[in-house]
Amino acid sequence: MIDIKLKKNINKQLIVSKAIFIVAVLSSFFALFTGLFGERVDLIQRGVHLGFALTLVFLITGLNKIGFKWLIDFVASIAGAFSAIYLVSQYNQIMLREGLMTQFEILLGAIVIFILLEATRRMVGWALPLIGLCCVAYAYFGPYLPFGLNHRGYSFERIAGHLYLSTDGIYGIPLGVSATFVFMFILLGSFMKMSGAGEFFNDLALGLTGRTRGGPAKVAVVSSAFFGTISGSAIANASATGTFTIPLMRRVGYKPEVAAAFESLASLGGQLMPPIMGSAAFVMIEFTQIPYLEIAASALIPGLLFFFTVFVIVDLEAVKHGLKGLPKEQLPRLGATLWDGWTLFVPLIVLFVLLFLGFSTFKAAFWTVPTTLMVTLLRKSTRISFHEVLVALNNGGIGILGIALACACAGIVVGVATMTGLAVQISSLLISLSGGSLFILLLLTMLVSLLLGMGLPTVACYILLAVLLGPALESFGIPLLAAHLFIFYFGIVSGITPPVALVSYAAAGVAKSDVVSTAWVACRMGIVVYILPFIFVYNTSLLGFGPWWAVVFSCLKAVIGCALLAAVILGYLIGPLGIIFRVLFAVVASSLLFPSTIVSASGLMGFILLIIVYWQKMQHFIPRAGAVKDVKF
């Protein structure tokens with residue numbers, strides 16, 4: 001009897017697994033079809049995208065369940081699919097009624113909202129569904145709320161209609177972004193991984209930096225920057241590249257928590273660095289209506305400064321502890337590596353050429369996918385079979401789930417905010433709390449961003465912040481792009497910020513180090529990523545705004561300032577720094593990062609004088625591996 005039940009369960013799992021594969025491939029085909037032949041109308045495009053996502057989530061999470069629990073998940077999966085079928089088949093009738101809903105549609109809307117919240121909980125945790133529920137409650141109980149947050153309130157029918165059968169709620173801009181160019185970049189990453197791009201980028205990083213002092217940590221920085229281009233996820237980056245770089249770092253002498261911290265910092269930077277900056281950057285296009293090339297160009301200097309600072313910290317840590325690089329015989333040959341994999345850069349080149357020629361982001365992203373397929377055929381080392389193509393499509397269809405559900409659930413928040421005026425009320429509250437001070441407003445925005453980012457994916461965090469806090473920042477006269485990049489940065493940096501530092505936790509899991517210690521080390525060594533957003537808000541030259549000479553001068557003093565910050569963090573430059581020199585260097589670094597030209601010029605003069613004095617004091621110091629001790633000045 002037991003054997004019969006076991007066989008039935010195994011057969012059920014095989015059937016469901018095949019169904020998951022087919023649905024995921026079809027989901028990717030639908031995205032590619034609309035990329036080639038043009039987007040469907042918004043409600044249909046986004047409805048079908050969400051229908052695929054809901055169907056897949058409940059099939060996947062119900063795979064190993066039996067009995068009544070499996071039946072519930074199966075019914076929820078069918079309901080998700082039906083929601084898409086209904087929108088497609090009844091679209092004309094829905095439009096003719098001009099917002100009037102039937103009783104069936106009100107019921108269906110309630111079901112979709114419920115299963116969306118549950119699916120999101122399963123994929124990304126409790127935080128976002130709870131926020132969504134609170135927003136629905138806020139819309140319904142509006143007349144009874146205190147603290148100036150009250151409004152006239154809305155019936156459940158009105159709430160369901162606004163969130164379900166309009167493009168201002170669940171099927172709003174965030175889900176539209178997920179259904180179009182975010183999906184394309186997920187597919188691009190899936191095909192590039194299948195072609196061996198991860199191994200190529202690791203070998204390239206090894207060839208470039210492996211022999212230098214502390215080489216494996218520099219490999220982590222370079223390979224994570226490359227891998228971030230194809231993954232768009234800091235956690236995936238830390239888990240994937242960390243399995244390779246963290247053991248290498250430990251082999252040459254880095255402590256486990258330091259190795260994990262460096263990997264988490266480098267992985268975090270993958271989302272900050274163009275050309276592909278993660279899903280939230282593409283949502284920014286829709287919220288700001290700023291072309292992607294302009295966003296990427298403005299994010300380039302801050303991204304480079306971040307990686308430069310991490311690179312300096314890595315180098316100083318290696319010198320401080322006498323850590324060497326890897327032997328030449330253990331490293332891949334750089335020339336041979338480039339010859340075997342240079343074609344993998346072609347899709348990114350095609351992307352930027354098409355964007356430069358005026359193609360939409362969706363169309364440009366779409367053409368990178370067939371381009372990737374074609375270039376993989378040019379070399380045996382990168383060639384993928386038809387089965388691997390299907391696997392890549394399956395991985396893409398599953399890889400988009402977390403983003404699609406987070407965007408749809410964030411649509412509930414956006415819909416309620418626009419319907420009730422919540423965004424205006426929160427902006428007014430923040431402005432009132434700031435007392436008219438831009439710095440205090442930025443500080444409040446940072447704290448809210450870090451708080452929300454603890455339990456939310458980056459894309460969902462950015463959407464909520466852009467809707468709720470963006471207007472407050474813009475009201476202070478901050479340029480639109482600077483305001484949204486500020487929010488974008490702090491939505492990402494929560495990944496290394498205790499107590500919930502998911503990127504650091506992922507790296508710590510690979511390094512088998514203490515998760516809390518790893519998060520605090522990453523937070524300390526990545527202090528520049530907390531400072532950079534304040535700097536470019538006050539000094540927009542770092543975003544490329546203004547005359548070229550101002551941009552060059554700002555970059556020069558920022559490079560020196562960030563390098564000095566790295567030295568202050570580690571307490572080491574060409575030798576140990578005593579407390580006095582650490583304080584003096586910190587003051588000089590702060591003045592160099594200050595937007596005032598007079599203060600920065602004074603900082604440059606102070607830097608020159610301080611370096612001369614420090615150099616003279618350090619003439620007697622000869623660094624010895626493993627024998628570093630503080631020098632008191």
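Predicted model: local features only at pLDDT ≥ 70, side-chain atom pairs only at ≥ 80, totals over all residues.
Okay, let's start with the helix pair. Find helix H8, residues 173-194, and then helix H19, residues 401-420. Their axes sit 9 Å apart, and the packing angle is about 165 degrees. As for handedness, H8 makes a right-handed crossing as it passes H19.

So which residues in H8 and H19 meet? On the H8 side you've got Pro 174, Leu 175, Ser 178, Val 182 and Ile 186. Over on H19, their partners are Ile 403, Ala 404, Cys 407 and Ala 408. Sort the residues of that contact by type and you get 8 nonpolar, 1 polar and no charged.

Right, on to the loops. Have a look at Gln 289, in the loop that links helix H13, 279-288, with helix H14, 292-321. Gln 289 isn't a glycine, and yet its phi is positive, at about 60 degrees. Is Gln 289 buried or exposed? Its relative accessible area is 61%, so Gln 289 is exposed.

The other one to look up is Lys 512. Where does Lys 512 lie? You'll find Lys 512 in the loop between helix H25, 502-511, and helix H26, 515-525. Here too we have a residue that is not a glycine but has a positive phi, about 55 degrees for Lys 512. And with a relative accessible area of 73%, Lys 512 is exposed.

That's it from me, thanks.

Methods. Residues numbered from 1 in each chain as written. Heavy atoms only, no water. Axes fitted to C-alpha atoms, helices over the stretch in contact; angles between N-to-C directions. Helix = DSSP H or I, 4+ residues; strand = E, 2+ residues; numbered from the N terminus. Left-handed = near helix turned anticlockwise from the far one by under 90°. Contact = heavy atoms within 4.5 Å. Nonpolar A, V, L, I, M, F, W, Y, C, P; charged D, E, K, R; others polar. Buried < 20%, exposed > 50% of the residue type's maximum accessible area, 1.4 Å probe, protein only.
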